[in-house]
There are 2 protein chains.
Amino acid sequence: MNKTIAIQGAEGSNHHKVARDFYGNDIQLKECMSFDVLVDSLLDKTANLGVMAIENTIAGSIIPNYALIDNNNLHVVGEEYLNIHHHLMCLENQTIEDIKEVWSHPMALLQCKEFFKKHPHIKLVEDVDTAEVAKRISKENLKGIAAIAPKIAAEIFDLSIIEDEIQTIKDNSTRFVIVQTNEPAINEEVNKASLKFQLNHKRGSLAAILNVLSDCKMNLTKIQSLPVIEMPWKYSFFVDVTFEEYKEYEKAKAIIEIMAEEFKILGTYKNGRK
Amino acid sequence: MNKTIAIQGAEGSNHHKVARDFYGNDIQLKECMSFDVLVDSLLDKTANLGVMAIENTIAGSIIPNYALIDNNNLHVVGEEYLNIHHHLMCLENQTIEDIKEVWSHPMALLQCKEFFKKHPHIKLVEDVDTAEVAKRISKENLKGIAAIAPKIAAEIFDLSIIEDEIQTIKDNSTRFVIVQTNEPAINEEVNKASLKFQLNHKRGSLAAILNVLSDCKMNLTKIQSLPVIEMPWKYSFFVDVTFEEYKEYEKAKAIIEIMAEEFKILGTYKNGRK
């Protein structure tokens, strides 16, 4: 049976690209209009796996998605880093002068605001998704309408890209994670882990944990503190580490389990950085 | 001479509230339509101080603002934590049924989407700012139009709040900082510092720094790593510490200066947490 992969957004989105990069073309796609719906589809077993953006270079960590993974006890089983590009696409044989309206998600319209200032004849219309508009243009043969979407959408829906990279901020690398409800079997390729723990605001408590990680040859690739809501002076830490020896990782895990509160492995997986 | 305070957004915004909490009503306000414009007004000396949102509980750190402070060598001289509330306001003696259109910033409209789903007769119209619409409604006596803005706007522009707290996510605490171009004089009230440094991806390098902070009795209230763009395996760290003794802070500073690269004090100021 094919795997069912839940993605945020529609076919042709960046989330779809990540799903395809991981599991190929032979997958069932479940399009979810929010990250909450995505998580629900994992919990009610209508999907086996989910693709979720987790941080990007413009906005930093997507804190609500950390909370979704944490609160629903999902397991991170993979990651991918993707450079996000917004392309303007429409039916073939049209120029930018032929485009009367662009339909897209408010966030995409916002990110491409500067570009559209130079083309005031184009009306910006809010829509529920970016890639789904690309699909609609293709299926309903809509002339004069353009979508803002990644390259994969132009490819799937046979649209032509009339402007490349129309987003204002050019350097937007996004990290996506693959999540599932079941704890995965240990896998030889695993060389990265995402950990979460709580510490009291006691001097040196984080340093003590990082000393253990260092002694166990863990390399820190991300650290982020978050105040625990309604518990003054208590902090959650989200830490990612890479390692060479799984045994060393197990050792670090066993020690931190004793030292920190609410210790939890959000996932172990293969490092997605090239 | 009155101080000129640059704020992001308009009179009546949350940024204005912070300016007023710090410097009272007897200030010159400089309204800036972006954080870049705000920084420019500090650099060209048309404003003495700026108020800038820096992180919030929904989205985490506002990474581009960290970059603005860092790249322009601004000094953080104060901070305030504010709970963000979106209120729907209009001219007096109107009910929600009388409202035909809401004009607001796309981000505010997005954050209140669920509320407006329940009131489909209201047309959502994008505008450049939240509080500025409140001002316009008041000045031009616009009936049937509502703004989404904080309480301070209703107070200043004499509008009536017809719905409280219309944002979907209720718990949104935002941290604002006060920034200036000149290095401030040392002040007795100072008990918090924002530091930035770079480390190579060498095992234990961050633990070593945190050990120094701990030995010098610094309490960590925030830590965040950011990969340095185009320098693989090099990380920037933004760290906030609170302390009781300024002398201990100076000691920590002197040691980290030797241990880390690109060490920089983003500011020393009075802790804004109650």
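Predicted model: local features only at pLDDT ≥ 70, side-chain atom pairs only at ≥ 80, totals over all residues.
**Chain A overall**

Chain A contains 9 helices and 15 strands. Along the principal axes, its C-alpha atoms fill a box of roughly 65 × 45 × 35 Å. Of its 274 residues, 55% count as buried. When contacts between residues at least 6 apart in sequence are considered, 73% of those in chain A join residues at least 24 apart.

**Helix α8 of chain A and its two partners**

Two packed helices are described by the angle between their axes and the distance between the axes. Helix α8 of chain A covers residues 205–215 and packs against helix α9 of chain A, residues 246–259. The angle is about 165° and the axes are 9 Å apart. Angles over 145 degrees count as roughly antiparallel, and α8(A) is therefore roughly antiparallel to α9(A). Their crossing is right-handed. On the α8(A) side the contact is made by Ala208(A), Ile209(A), Val212(A) and Leu213(A). The α9(A) side contributes Ala252(A), Ile255(A), Ile256(A) and Met259(A). By class, this contact has 8 nonpolar, no polar and no charged residues.

Helix α8 of chain A also meets helix α8 of chain B, which likewise spans residues 205–215. Here the axes come within 8 Å and cross at roughly 150°, so α8(A) and α8(B) are roughly antiparallel to each other. The crossing of α8(A) with α8(B) is left-handed. Leu206(A), Ala207(A), Leu210(A) and Asn211(A) make the contact from chain A, and Leu206(B), Ala207(B), Leu210(B) and Asn211(B) make it from chain B.

An α-helix has 3.6 residues a turn, so residues three or four places apart point the same way. The values for the two pairs are set out below.

| Helix pair | Angle between axes | Axis distance |
|---|---|---|
| α8(A) and α9(A) | about 165° | 9 Å |
| α8(A) and α8(B) | roughly 150° | within 8 Å |

**Aromatic pairs**

Over all chains the count comes to 15 aromatic pairs. One of them joins Phe243(A) and Tyr249(A), whose rings are stacked, 4.8 Å centre to centre with 5° between the planes. Both Phe243(A) and Tyr249(A) are buried. Together with Tyr246(A), Phe243(A) and Tyr249(A) form one aromatic cluster. Helix α9(A), described above, comprises residues 246–259.

**Ser41 of chain A**

Ser41(A) has its place in helix α2 of chain A, residues 35–43. Its relative accessibility is 2%, so Ser41(A) counts as buried. Leaving aside residues up to four places away in sequence, Ser41(A) touches Ala6(A), Lys30(A), Cys32(A), Thr46(A) and Ala47(A). Ile5(A) lies 36 residues from Ser41(A) along the chain, and the C-alpha atoms of Ser41(A) and Ile5(A) are separated by 9.6 Å.

**Helix α3 of chain B**

In chain B, helix α3 consists of residues 63–71. Its buried residues are Ile63(B), Asn65(B), Tyr66(B), Leu68(B), Ile69(B) and Asp70(B). The helix is followed by Asn73(B), which has a positive phi near 50°.

Terms used:
Residues numbered from 1 in each chain as written. Chains lettered and ligands numbered in written order. Heavy atoms only, no water. Axes fitted to C-alpha atoms, helices over the stretch in contact; angles between N-to-C directions. Helix = DSSP H or I, 4+ residues; strand = E, 2+ residues; numbered from the N terminus. Parallel < 35°, antiparallel > 145°, perpendicular 65-115°, else oblique. Left-handed = near helix turned anticlockwise from the far one by under 90°. Contact = heavy atoms within 4.5 Å. Nonpolar A, V, L, I, M, F, W, Y, C, P; charged D, E, K, R; others polar. Phe/Tyr/Trp six-rings, centres within 6.5 Å; stacked < 30°, edge-to-face > 60°. Buried < 20%, exposed > 50% of the residue type's maximum accessible area, 1.4 Å probe, protein only.
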